[in-house]
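Colleague: I would like to go through this model with you, starting with the record and then the contacts. Could you take me through it?

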Amino acid sequence: MAIKIHGRQLSPLVRVAMLAMSEMNVESEIIEDDMRSPEYLAKVNPFGKHPAVEFDDFILYESRAILRYVATNYGGLHLLGSTPKEKAMVDQWVEVQGCYFEPPVRSLVTELYFFPKFLERVPDVAVVEENLSKFEKLLNIYDAQLAKTKYLAGDFYSMADLAHIPMLHRFVVSSGKESLVTSRKHVNAWYETITSRPAWKKIVEQYPDV
Amino acid sequence: MAIKIHGRQLSFYVRTAMLAMSEMNVESEIIEDDMHSPEYLAKVNPFGKHPAVEFDDFILYESRAILRYVATNYGGLHLLGSTPKEKAMVDQWFEVQGCNFDPPVRRRVPDVAVVEENLSKFEKLLNIYDAQLAKTKYLAGDFYSMADLAHIPLLHRFVASSGKESLVTSRKHVNAWYETITSRPAWKKIVEQYPDV
């Protein structure tokens with residue numbers, strides 16, 4: 001029976017949950033409900049956010065918590081790291097993704113893709129410039145790390161890399177500013193590697209960009 | 001040998017690392033270095049942030065990653081939850097702390113509009129917390145976890161110093177939870193060592 005994911009497939013955060021399932025070969029289905037409805041707030045997620053996922057006996061929200069749960073309980077323990085040090089490095093880069101990567105890149109994707117495409121809204125130049133600058137500084141640090149290790153937490157693919165894929169893919173294919181990624185040798189190689197994973201390609205094929 | 005924590009004791013995030021050590025009865029020492037120096041960026045944390053902690057054979061940064069590592073490896077596995085569902089709930093509220101709680105509560109700018117906007121966000125958040133804490137003693141269930149721990153330094157600072165503590169104290173279940181978690185000996189030890197000024 002397919003696991004229900006509440007959210008829209010286009011959302012990068014919902015896609016983190018979808019990708020976690022896909023990596024573990026777990027069937028999932030998308031429930032496109034209204035995250036602000038009284039029913040959703042009362043029964044699914046009081047914070048009024050997507051994704052939220054229905055497991056056997058409870059509902060879980062927060063994309064990174066969902067990812068960790070799916071990896072832990074559906075055969076993906078290797079995604080968490082195998083030694084105490086590896087696990088620490090994975091957790092560290094998962095935090096980096098959530099605290100430093102996500103806010104500016106989400107803002108850029110919103111301004112440069114979602115607003116023009118779906119709301120006929122013009123990007124805020126000041127917001128875009130500020131976040132491009134933050135993202136560039138970040139990518140320099142990523143590039144230095146990825147010159148040393150194949151993936152973020154070491155030479156193994158982990159949930160820290162996975163957590164980046166949906167939003168980074170959206171930035172590269174839809175923002176017009178992909179050169180920030182493609183011009184940085186090690187970041188670009190890492191980007192190509194992680195987005196070539198069959199589990200991700202499956203999602204992009206099922207829901208092609210329009 | 002005391003574990004070195006890079007940072008200033010006054011910082012909420014540094015105190016999260018200090019509290020993790022304190023809960024596990026692990027001795028730590030504070031190294032107040034310049035997080036922007038080329039040496040720090042090259043050797044400790046390329047993101048130029050505190051805290052960063054020196055363990056036996058590596059340095060770890062990001063306060064929540066540090067907390068999880070200390071809990072896991074220094075006798076605090078119970079802080080992570082004991083069943084798959086409990087662990088999921090801890091991780092969920094851990095994310096809530098990082099993504100929903102931290103940003104509005106952390107802002108200290110004196111800009112009135114920003115303060116008002118963040119107070120408003122924080123009040124909405126506290127309503128959700130109050131509803132949860134009416135059902136469970138702690139955030140993830142009836143057991144103290146790292147999700148509760150991660151709130152303590154910043155929440156304590158807000159209540160002790162913001163002038164807006166009524167947001168917390170006026171909400172019955174949030175207030176009871178706040179009193180409980182800040183009464184823990186591990187936290188009291190830190191506040192006594194570094195009293196509020």
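Modeller: A word on annotations first: UniProt positions are given in the numbering used here, feature names are shortened, and annotations may be inferred rather than shown by experiment. With that in mind, the UniProt annotation "domain: GST C-terminal", from an unreviewed entry, covers residues 83-210 of chain A. This is a predicted model, in which local features need pLDDT of at least 70, side-chain atom pairs count only at pLDDT 80 or more, and totals for chains, interfaces and linings use all residues. Residues are numbered from 1 along each chain as its sequence is written, chains are lettered from A and ligands numbered from 1 in the order in which they are written, and side-chain values use heavy atoms, with hydrogens and water left out.

Colleague: How much helix and how much strand is there over residues 83-210 of chain A?

Modeller: That stretch is 75% helix and 0% strand, and its end C-alpha atoms are 42 Å apart. Helices (H or I, at least four residues) and strands (E, at least two) are DSSP runs, numbered from the N terminus.

Colleague: Which domains does the assignment give for chain A?

Modeller: Domain 1 (3-75) and domain 2 (79-198); such bounds come from an automatic or database domain assignment. On the contact between them, 14 residues come from domain 1 of chain A and 20 residues from domain 2 of chain A, where contact means heavy atoms within 4.5 Å. The C-alpha centres of the two domains lie 21 Å apart.

Colleague: And what area is buried between domain 1 and domain 2 of chain A?

Modeller: About 1,500 Å², with carbon and sulfur atoms giving 70% of it. Buried area is the accessible area (1.4 Å probe) that two parts lose on being put together, summed over both. On the domain 1 side of chain A, Leu10(A), Arg64(A) and Arg68(A) lose the most area to domain 2, together 35% of what that side buries.

Colleague: How many salt bridges link these two domains of chain A?

Modeller: Three, a salt bridge being a side-chain nitrogen of Lys or Arg within 4 Å of a carboxyl oxygen of Asp or Glu. Arg64(A) pairs with Glu102(A) in a salt bridge, at 2.9 Å from N to O. As for elements, α1 (12-23) and α3 (63-73) of chain A each supply at least two residues of the domain 1 side that touches domain 2. The most comes from α1(A), with seven residues. By class, that side has nine nonpolar, one polar and four charged residues; Ala, Val, Leu, Ile, Met, Phe, Trp, Tyr, Cys and Pro count as nonpolar, Asp, Glu, Lys and Arg as charged, and the others, Gly among them, as polar.

Colleague: Now the two chains. What do chain A and chain B bury between them?

Modeller: About 2,600 Å², 64% of it on carbon and sulfur atoms. The contact involves 28 residues of chain B and 28 residues of chain A.

Colleague: Which residue of chain B forms a salt bridge with Glu95(A)?

Modeller: Arg64(B), with the closest N and O atoms 2.9 Å apart. The interface of chain B and chain A has three salt bridges. On the chain B side, β4 (59-61), α3 (63-73), α4 (84-106) and α5 (112-133) each give two or more residues. The largest share, eleven residues, comes from α4(B). That side of chain B has 17 nonpolar, three polar and eight charged residues.

Colleague: How many salt bridges are there over all chains?

Modeller: The count comes to 19. One salt bridge joins the side chains of Glu39(A) and Lys43(A), at 3.8 Å from N to O.

Colleague: Where do Glu39(A) and Lys43(A) sit relative to each other?

Modeller: Both are in helix α2 (residues 38-43) of chain A, and because they are four residues apart there, about one helical turn separates them.
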